[in-house]
Amino acid sequence: EILRRAAGWVAPGGHLLILTHAAPPPWAHAHSHRFLAAAEEAAALGLDSDLWEVRVAEERTREVTSPDGEPATLEDGVVLLRRTD
């Protein structure tokens, strides 16, 4: 809901950038949350396709250090939307 409200504040020609967790961190052994793919995140907003263009909807990885000090890779979702009206 908060992202739909944020989209309402974007001026015509403006962009909405959303960064999400696309997968749990490797050190999280038990989780029940279902992480959405970037395209699913964009679709879940339910924005009018006549007013919004999906510019980017993809997963990207980044290298981090785990809480134990070990190297790890995280997967993030990147969604970039452009208001067309």
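**Notebook: sheet, surface and salt bridges**

I began with the sheet and found that β1 and β3 run antiparallel and are joined by 7 bridges; strands count as paired if DSSP finds at least two bridges between them. I noted that this is a predicted model, in which local features need pLDDT of at least 70 and side-chain atom pairs count only at pLDDT 80 or more, while totals for chains, interfaces and linings use all residues. Residues are numbered from 1 along each chain as its sequence is written, and side-chain values use heavy atoms, with hydrogens and water left out.

**Entry 1: the sheet**

I looked up the whole chain next and listed 2 helices and 3 strands, which follow the pattern α-β-α-β-β along the sequence. Helices (H or I, at least four residues) and strands (E, at least two) are DSSP runs, numbered from the N terminus.

In what order do the 3 strands lie in the sheet? I read the order as β1-β3-β2, in an open sheet with antiparallel pairing. β1 (15-21) and β2 stand at the edges with a single partner strand each, so one side of each has no neighbour in the sheet. The twist from one strand to the next averages 20 degrees, where axes are lines fitted to C-alpha atoms, for helices over the stretch in contact, and angles run from 0 to 180 degrees between N-to-C directions.

Buried means under 20% relative accessible area, exposed over 50%, and partly exposed in between (1.4 Å probe, protein chains only).

**Entry 2: salt bridges**

Side chains of opposite charge can pair when their charged atoms come close. I counted 6 salt bridges, each being a side-chain nitrogen of Lys or Arg within 4 Å of a carboxyl oxygen of Asp or Glu.

I looked at Glu-40 and Arg-34, whose side chains meet at 2.8 Å, N to O. Glu-40 is partly exposed at 33% relative accessibility, and Arg-34 is exposed at 53%.

Which parts of the chain does the pair of Arg-82 and Glu-53 link? Their side chains meet in a salt bridge at 4.0 Å, N to O, and the pair links distant parts of the chain, with Arg-82 in strand β3 (residues 71-83) and Glu-53 in strand β2 (residues 52-65), 29 residues apart. I found Arg-82 partly exposed at 25% relative accessibility and Glu-53 partly exposed at 34%.

Arg-83 forms a salt bridge with Asp-85, with the closest N and O atoms 2.6 Å apart. Here Arg-83 is buried, because its relative accessible area is 18%, while Asp-85 is partly exposed at 39%.

**Entry 3: the chain as a whole**

I finished with the overall dimensions, where the C-alpha atoms fill a box of roughly 50 × 25 × 20 Å along the principal axes. Buried residues make up 26% of the 85 residues. Among contacts (heavy atoms within 4.5 Å) between residues at least 6 apart in sequence, I noted that 64% join residues at least 24 apart.
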